[in-house]
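I opened my notebook to look at how the parts of this chain meet. Come along and follow the entries with me.

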Amino acid sequence: MTHALKGIAHQAIPHDSAAKHVTGSANYADDIPEPVGTLHAYLGLADQACGEIIALDLSEVQKAPGVVGILQAKDIPGHNDISPTGLKDEPVFATKRVEFWGQPLFAVVAKSRDQARRAAKLAKLDVAKEEPCLTIEEAKKRKQPYVSPPLKLERGEAQDALSAAPKRLQGSFKVGGQDHMYLEGQIAFALPGEDEDVEVYSSTQHPSEVQHMIAHVLGIASHSVTVSVRRMGGGFGGKETQMNLFAVVAALAAKRWNCPVKLRPDRDDDMAITGKRHDFVIDYDLGFDETGKIVALDADFAARCGYSADLSGPVTDRALFHADNAYFYPHVTLRSHPYKTNTVSNTAFRGFGGPQGVIAAERFIEEIAYALNKDPLEIRKANLYPSSESLETGEIVQTKALTPYHQVVEDNILHQLIEELEHSSDYQARRAAIIKNNQTNALIKKGIALTPVKFGISFTATWYNQAGCLLHIYRDGSIQLNHGGTEMGQGLNTKVAQIVAEAFQLDLKRIKITKTTTEKVPNTSATAASSGTDLNGMAALNAANKIKDRLIVFAADHWNVPSTSIDFLPNHVKIGDELIPFASLIEAAYMARIQLSATGFYKTPKIHWDRDKGQGRPFYYFAYGAAVSEVSVDCLTGEYKVERTDILHDVGQSLNPALDKGQVEGAFIQGMGWLTSEELCWDAKGQLRTHAPSTYKIPLASDIPRIFNVDLADWSKAKEPTIKRSKAVGEPPFMLAISVFEALSMAVASRADYQICPRLEAPATPERILLAMEELNAKKDAKGAQS
């Protein structure tokens, strides 16, 4: 194995917990042995969506078997607030008003989870009912307030350019939300300590925020709170802020009764209590010329945000950031509208608003293609940002590569990537065959689409772009590493271990990455925005290099050789002409009192953002990708299947091709679910009706494309000095699934000879596909009658 160590950071190494995952031996929060006397908490939820609270009768709850006590807002020693943005609009327990169906009103603590859960159902709530505002359309009509300040991005003179545009069209696009449907639900396990101390094991992507929230609610200092997480059974953004409630209540109960307390909601309540991906209504006014080039765009992005801000501000901001996707808009105005509604507060979800922006851009392209009777791929190519080569040679000026937020796209590789995928997927021949099939086959219509993605990498809240690490080398040469990132199945720990293994030229088995905990690395950022490896990998390398530098100085002095003659080789160190085991060097260094522990730190350079001006460089770099998908649609039922998907994705110099391919595949299927089968439904009273796998349909194994070809653009290399010149992979491939949506649109459009844009709504369920086909038939007939 040692011969391969030189470049171990770019090898296809299995996930460090893969065997544990498939054998069931991986430990999660609910697997922690419960000490004697452990109590269980459960949340009491509102069964109304909106109105003033008249009375809350908990007498039957208190008398229920096994109940130890009840927690309400009056029992909170600190602040009844868990708003992640500090707007004080998200109480732990509602006191005066109910704002959504399922809002927590109290918590019951009992001797068993079953007893707590049954007791919580016995509460009697009396509310002065009001008509809830549930949809974006209602929010517009009622002129609902925004949950956070809106954003406007502007460049050029959009209205003047639209007026002068050779061609112009307007439209509206409804894009649905999505539930995270993580395998491991929300859970928190709190253990009280002495004085004000409390330790919480939580399934969270953001341990430092959970720590802060617990301290805030308990009215204590953060140093008294320790939050730890070994791994999560999925997160996807649903455990970035949504875990705060559960961890806070568990900690509150643990300190109140001085007993360990666990809180784990069932799936139905989990889905009712926690936020989703934001759904949007996008209204657009689009100007273009006869060749299909976009001249100007004016668009409004209205989002259903729920009852509080949560992360809706930055989510709707990122939707605007990605409303260009891969395309240059000469004149553009974009506005966000983060509306308040009487639904659960929506939150982070893989892509963080980016997917809603990207699919809007693809709708604009699609509109132009059908208006001009052209292949949408031709329109996509015509509007792409210029390639990085054309900018470097000066062939194209930078103003032609300027985003709506005034950042220059300097690293665009989509021209080469699309050309390669178009050829390898045999796109043109297959499209011609599909058009021929659609002319003769009345029952099965087919569609094909090639769609690109350009996704910005960095937190748009600039201060989150930092990471820390704590690295120890023990006397036997083994290494323990702790960083601020959290492992949720994506392989972050494996990649960081590879980086450290390469730095010291050690076997991976010599490196152990421990649970993420606030007592080792403070003030961490959420593992989100696809930045986990970029940030924490750099911090780990920084720590490793600090210790390496100390070891080199020590070895040069101890062996009396120049530092240039010291080299780290597989599991050994070459010092002059002598080759010694790594562990021997460490033992010698220890005996010489050399520090074998180091902290590492990294902050992303170059980025800056002025939200008031709507200008800056919010992203360090862009990740790119493209996908070709082919679908078949049954015209009698609207049902469809994905026949084939080809993906070529850019991860720079991949740190681990096996893990990166897995991320691309998983993201694509999750994105496909968002755009096809995953539909959130609330009834007129405001109750979520799709609150379990029985009613909320995620993709199954049978939904995977029959032919699924996934490749990484191994020729790509990050333009910026990222960790080993790799690129982020968590979120960008999610949007490759838009190729499925666009292929479905082509199949539907065949009913009107591709003359009319179907304007499908997302998700494109079989019902919506069937209705869209019928609508196009009617439009075609009406058009024929007029002619």
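**Layout.** I found the chain divided into domain 1 (37–130 + 186–264), domain 2 (280–460 + 610–786) and domain 3 (466–603); such bounds come from an automatic or database domain assignment. I am reading a predicted model, in which local features need pLDDT of at least 70 and side-chain atom pairs count only at pLDDT 80 or more, while totals for chains, interfaces and linings use all residues. Residues are numbered from 1 along each chain as its sequence is written, and side-chain values use heavy atoms, with hydrogens and water left out.

**Domains 2 and 3.** I noted that their C-alpha centres lie 40 Å apart. Contact (heavy atoms within 4.5 Å) joins 20 residues of domain 2 to 20 residues of domain 3.

**Buried area.** I looked up the accessible area (1.4 Å probe) that the two parts lose on being put together, summed over both: about 1,500 Å², with carbon and sulfur atoms giving 60%. On the domain 2 side, Phe 459, Leu 655 and Ile 723 lose the most area to domain 3, together 40% of what that side buries.

**Charged pairs.** Which side chain does Lys 724 meet in a salt bridge? I found Glu 502, at 2.8 Å from N to O. The rule (a side-chain nitrogen of Lys or Arg within 4 Å of a carboxyl oxygen of Asp or Glu) finds 2 salt bridges across this interface.
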